[in-house]
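Let's take a walk through a protein model together. Have the sequence and the 3D view ready, and follow along step by step.

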Amino acid sequence: MSSPFAVQASEPDNYYGYRSFKHGKFEFSRDEYFVKVRWPKGSHVMPADVFLRALQRDVAWNFFYGTVNFDHVFGTLNHYGTVDMFAGRFNDAYRKAGLDYNETHKSDELLATFKAILEDWTNKGYDPFAAPEETANPYGRKNGDNVKAITRQRVTAQRMVGCAGDTPVRTDQNGYPVNRHFADVPQDQPQMLPEKGFEDEVKAFNLFGYLSRSDVTWNPSVCSVVRESLYCPTSEEFILPVEHGNDRVEWFLQLSDEITWVVKDKETGAPRANVVMRAGDIAAMPADIRHQGYSAKRSMLLVWENNSGKIPELIASGKAPVTPVKF
Amino acid sequence: MSDVKTVFGSLASFQKGGIQVIADDPKNYVFSNVFDVASKAKPYERVAVGKNFEYVIECLRTEGTSPWYTADHDEFALVMDGMVEVELQKLGPSQAAAGGKDGAILVKGDPGGPRMGRIVCHRGHMALLPKGNAYRFKSARPGVVIIQTVQGELTIQRWAEICETRSAPV
Ligand SMILES: [Fe+2]
């Protein structure tokens, strides 16, 4: 992963073998088990796997929508071109103690540093996108790398998966076998019966089959598009590696199985609700919360986003409500 | 793992989750269930179950043959239960939705253009309803389809009837 930006990295540590990194006044280092983040007012320790799983999503999603909390202290806030990197900013105790700290960076520059950290700290056989049952141990001293796993391209269909020239359906042949937790999901494709000349407009695909073949977890990927309305379905197992504080309302439609969402206040982190969603349940996540999902069995979740660039400002200024519907 | 059981819902069998509030109002989550909504809807009512500014997800109980619809933007139909046939046909003169109009409209009369084809969909299948064409659904037995679309004149909003308002441990 060569980058046009100068990433500030140390030489590999003599004992652990990992490099340390600096970006702005933030410093990052790892040992066998933990990642340490330092900033001018403090420091914070996280399990290495928790940090890497969160970092993987932040990198793959180009900082995503709104706030990506790696945990209750460290994270990023996307301004779409620039990005805030913070510690304690969305934590009531840190705020009250005056220990919160924030830096704004150009997105592509911070992304280059994050990619370099991800590459250096991910060992051979460990896949931060995978469920824990499906991947190797993330701990220990530096041992090889897994560049192929951490540089997957995020799927973004332009119209719909399976349309001409668009993202292809998944098959055994193109490298997407059915996941062990979805072995019972029917794999038949819809019967398309176009009249001559209409082959490109008479289009359908097996979305549930497609999701059963996802090789990653917690990675919403665009599958169909109506103007700014994006269906971003994803397969989920174990814990969403970030607490996501969106800058707009997002919606969840549980397509299969069950997810529990732990919902906290976006600014303070105070608990607000636990939302249990089962197959067919649909719910909005308000724009003033952060959410983290728990999925015991691998499940299919439709994440629905409104991609309009106007919304963050409307929500932040109070011109638009933080809930989508009043009734 | 041969004993794996993936749970999908259906009109005949669905189990709702719910909201346990700690410091919140359950209404903030606009929580409903597409099988519950469809079980109480008339055939082919386009009931909004999700809304984000002008965009909606509509839930349809598919039963018998629907009217012909058209829209000036793509829409996508996802079958959540049943077996649903999607018929596609070109429109005749002056049957199209106005340029830039939001949401689906009813086609006046039968579509005047040539047949484009049809798609037979089972649960989990998603069909493109391509912009500027006519489509209708056929379903011998009751089923459920959700449509990714824009709020329009056919969109029905009945949030107070469909949404969870209670807090309860699940
Ligand atoms: Fe989210």
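**A guided tour**

In chain B, 60% of the 170 residues count as buried, where buried means under 20% relative accessible area, exposed over 50% and partly exposed in between (1.4 Å probe, protein chains only). Before going on, note that this is a predicted model, in which local features need pLDDT of at least 70 and side-chain atom pairs count only at pLDDT 80 or more, while totals for chains, interfaces and linings use all residues. Residues are numbered from 1 along each chain as its sequence is written, chains are lettered from A and ligands numbered from 1 in the order in which they are written, and side-chain values use heavy atoms, with hydrogens and water left out.

Stay with chain B for a moment. Chain B has 2 helices and 12 strands; helices (H or I, at least four residues) and strands (E, at least two) are DSSP runs, numbered from the N terminus. Starting at the N terminus, the order is β-β-α-β-β-β-β-β-β-β-β-β-β-α. The C-alpha trace of chain B spans about 55 × 40 × 30 Å along its principal axes.

Find Glu305(A) in strand E19 (residues 289–306) of chain A. Its side chain makes a polar contact with that of Asn246(A) at 3.4 Å. A polar contact is a pair of N or O atoms within 3.5 Å; within protein, one must be able to donate a hydrogen and the other to accept it, and residues adjacent in sequence count only if both atoms are side-chain atoms.

Finally, look for Arg213(A) in the loop between helix H5 (207–212) and strand E12 (224–226) of chain A. Is Arg213(A) buried or exposed? Arg213(A) is buried, with a relative accessible area of 11%. The side chain of Arg213(A) reaches the backbone oxygen of Tyr176(A) at 2.9 Å.
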